[in-house]
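Hi,

Here is the structure I said I would pass on.

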Amino acid sequence: MKVILTQYQEKLGDVGDLVDVKAGYANNYLIPQNIALIATKGNINQMKLVKKAALKVEAKNIEEADNIGKSLGDISLIFIVKTGEEGKLYGSITNKDLAEKIMKDKSIEVDRKKIDLREHIKELGEYDVDIKLYKEIKAVIKVIVEPDEESKVLIEAHRKEKEAAGEEEKKKLDADIEVEAEKDKEGSESVKAEKKADMTDAEEIKKDKKKSEEDSVKKEK
């Protein structure tokens, strides 16, 4: 089914484009949402005029998006936060927080809905975040999340505690291994002694049998 787009639709087309889509998609979504019109002759002629005006707006939007993209391209947003001993944030950093930080640090207004933050930031570290400025135009900003001084002390103390616990656990494990090795050694010695005793018994049995045979021979003579 042929329809004319009345607004930009990602992966489908731009304003005034004539596209061929499934009838169900057109009737159930595109047309009811005012994203498209049925491709009648009258609608096609009307949308030609709309598209001509839209191209001028498009050029302006692209220029603005490019300028914002250049301004955002090299910035790093630094957040100094309070955390727990394992570096987990109390709360999280959202796309709203990023938009406010951009305005505060760079005086650039960015719609928070255009900040493509898939998950809220909840841990320390560095993050690359996409900002979809206009259609295919985007910028990538770096977000750096660092602990405040109080949190640094807390994290360091926890790290040392974990290291000490790890060393203690290692010593215990080494001691257990040594005990097991000693047990294995004792067990091995015990097995050797048993085998030696069995061999001695076998030799004695063999000697007794031989002596018995020799005594029998003497008696027959």
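**Notes on backbone and salt bridges**

Lys 11 sits in the loop between β1 (2–5) and β2 (18–20); helices (H or I, at least four residues) and strands (E, at least two) are DSSP runs, numbered from the N terminus. This is a predicted model, where local features need pLDDT of at least 70 and side-chain atom pairs count only at pLDDT 80 or more, while totals for chains, interfaces and linings use all residues. Residues are numbered from 1 along each chain as its sequence is written, and side-chain values use heavy atoms, with hydrogens and water left out.

Lys 11 has a phi near 70°, which is positive even though the residue is not a glycine. Most residues other than glycine have a negative phi. Lys 11 is also exposed, at 82% relative accessible area (buried is under 20%, exposed over 50%, partly exposed in between, with a 1.4 Å probe and protein chains only).

Lys 135 is another one to look at: its phi is positive, about 50°, and it is not a glycine either. You'll find Lys 135 in the loop between β8 and β9, partly exposed at 24% relative accessibility.

Now the charged pairs. How many salt bridges does the structure hold? The count is 15, taking a salt bridge as a side-chain nitrogen of Lys or Arg within 4 Å of a carboxyl oxygen of Asp or Glu.

- Lys 135 pairs with Glu 58 at 2.8 Å, N to O. This one links distant parts of the chain, 77 residues apart, since Glu 58 belongs to helix α2 (residues 41–72) and Lys 135 to the loop between β8 (125–134) and β9 (137–147). Glu 58 counts as buried, with 15% relative accessibility.
- Lys 96 pairs with Glu 100, also listed at 2.8 Å, N to O. Both are in helix α3 (residues 95–106), four residues apart, or about one turn of the helix. Lys 96 is partly exposed at 43%, and Glu 100 is partly exposed at 42%.
- Lys 142 pairs with Glu 126 at 3.9 Å, N to O. Lys 142 is in strand β9 and Glu 126 in strand β8, so the bridge ties together parts 16 residues apart in sequence. Glu 126 is exposed at 55%, whereas Lys 142 is partly exposed at 28%.

One more thing on Lys 135: salt bridges with shared partners join Asp 14, Glu 58 and Lys 135 into one network.

Cheers
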